[in-house]
Amino acid sequence: MGLRTFKNGVHPFEGKELSREKPVKELLPKGELVFPVSQHIGAPAKPVVKPGDTVLRGQVIAEAGGFVSAPIHSSVSGTVKKIEPRRVPVGDMVNSIVIESDGEMKEVEYKEAASLSTLTKEEIIGKVKDAGVVGMGGAGFPTHVKLSPKEPDKIEYVIANCAECEPYLTSDYRRMMENPEQLVNGMKIVLQLFPKARGMFGVENNKMDCIAKLRDLVKDDPRLEVVELQTKYPQGGERQLIYAVTGRSINSAMLPADAGCIVDNVETLVAVYNAVKFGKPVMNRIFTVTGDAVSDPRNFYVCTGTNYQEILDAAGGCKTQPEKMIAGGPMMGFALFGLNVPATKTSSALLCMTKDEVSAMAPTPCINCGRCVDACPELLIPSRLAKYADHGDKETYEKWHGMECVECGSCSFICPAKRQLAQSIKTMKKMILADRRKK
């Protein structure tokens, strides 16, 4: 039987060898930390502190602004300096709580669960909500909402997204290598909510050591299975992962729950375990600093709110001036023009590259080769969609299913004419979504 995968996709340079074998090192922040109140999809959190207040590590500093929202907790003890708009990694200015750390890391008292097996579904979801757990793979969808589908009895699969298909990133890999028990225990907690479901760990086969560790941990549990996936981008995309693991398809009008699935990232499941077992909120995450411009690429356990420049400095800074800095990976990350931004719950990496190869490319006219069609995991025609987008033809763009784009960037990567297809398609998609919100 062949490896499980999805249709099409690409094989970019992996680059993971730079930080893959670097164990996670805890990084304690210095001075000022910034906590944006929008670190998730949905309503922004509402500050419950004011300038001059003293806070403890683990204390709620902003409460959820609605059901689809999540609270924010301080990752340090210290004093609230101000609440003002600050730049975040995606480029937006977001209202943020600025805290001056006292360096003492004094914490609130957490309430550890005496027994996980006796917790009710409501108690589990309540603990996840109170801890501010969100999708930490990048999407930031509040996890308590994801774990509360309308028809929970129809959930047949809980899928752990262990693919980490984005080039250069190794934070999930290190988590699986160093804390696999926490990942498995997080999965077991989620399965308590869905008694008819099986827990599936989807891991690409460039991580055979992770596959071996996880299989050893789940061998005696018939509800758990480790699925070996073909190494291909974007194997970790939600739709692609669901198809690879279950053979089921979803589109933009559907949620994974409509296909009987719940999908959570590695770091998210670990956060669920820490929230339910120990009562600890999301205050830290593993963060990769890598790229050929970085002096000592490595993985850090960082506090949310830590400045990107401070994290880079802990990796020895840059050995040469980078032409390109990216928050996240090279395929779906966001280009940075400066490092004065904070690490949030969804921050996974900082990539610093010696050369900006994309900017150096000179786009030429489409040669109608069809490579973008062969690469698109959604079976779209990117060259045509980009043409409609560039001409502002929203009606035809939608007719040709442009809203199904998952924004993976495979089309731009594979295009021999070096056309920025994904950029045009994503821009038009955002314009159409904005029009829908207005209506």
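Buried residues are those with under 20% relative accessible area, exposed ones have over 50%, and partly exposed ones fall in between (1.4 Å probe, protein chains only). Helices (H or I, at least four residues) and strands (E, at least two) are DSSP runs, numbered from the N terminus. The model is predicted: local features need pLDDT of at least 70, side-chain atom pairs count only at pLDDT 80 or more, and totals for chains, interfaces and linings use all residues. Residues are numbered from 1 along each chain as its sequence is written, and side-chain values use heavy atoms, with hydrogens and water left out.

**View A. Strand E12 and its pairing with E9.** Five of the five residues of strand E12 (residues 261–265) are buried, so the strand is largely enclosed by the rest of the structure. Cys-261, Val-263 and Asn-265 are buried on one side, and Ile-262 and Asp-264 are buried on the other. E12 pairs with E9 in the parallel sense over five bridges; two strands pair if DSSP finds at least two bridges between them.

**View B. Surroundings of Asn-161.** Asn-161 lies in strand E9 (residues 157–161) and is buried, with a relative accessible area of 13%. Its bridge partner in E12 is Asn-265. The side chain of Asn-161 reaches the backbone oxygen of Gly-236 at 2.7 Å. This is a polar contact (a pair of N or O atoms within 3.5 Å; within protein, one must be able to donate a hydrogen and the other to accept it, and residues adjacent in sequence count only if both atoms are side-chain atoms). Leaving aside neighbours within four places in sequence, Asn-161 is in contact (heavy atoms within 4.5 Å) with residues including Asp-172, Gly-202, Leu-241 and Val-263.

View C. The twelve residues of H4 (residues 180–191) should span 16 Å at 1.5 Å a residue, and the end C-alpha atoms are 17 Å apart, which agrees. The expected span is 1.5 Å times one less than the number of residues. Among the buried residues of H4 are Pro-180, Leu-183, Met-187 and Leu-191. Phe-194 is found in the loop between H4 and strand E10 (198–204) and is buried, at 1% relative accessible area. Not counting residues up to four places away in sequence, Phe-194 touches Leu-147, Pro-149, Pro-152, Ile-155, Val-158, Arg-223 and Ile-262.

**View D. Arg-174 in helix H3.** Arg-174 is found in H3 (residues 171–178) and counts as buried at 8% relative accessibility. Residues up to four places away in sequence aside, Arg-174 touches Arg-20, Glu-21, Lys-22, Pro-23, Val-24, Asn-179 and Asn-299.

**View E. Aromatic pairs.** The structure holds three aromatic pairs. Rings of Phe, Tyr and Trp (its six-membered ring) pair if their centres lie within 6.5 Å; planes under 30 degrees apart count as stacked, over 60 as edge-to-face and the rest as tilted. The rings of Phe-13 and Tyr-168 have centres 6.1 Å apart and planes at 70°, so this pair is edge-to-face. Phe-13 is in the segment before strand E1 (25–27) and Tyr-168 in the loop between E9 and H3, 155 residues apart. Phe-13 counts as exposed at 55% relative accessibility, whereas Tyr-168 counts as buried at 11%. Phe-287 and Tyr-308 form an edge-to-face pair, 5.3 Å centre to centre with 80° between the planes.
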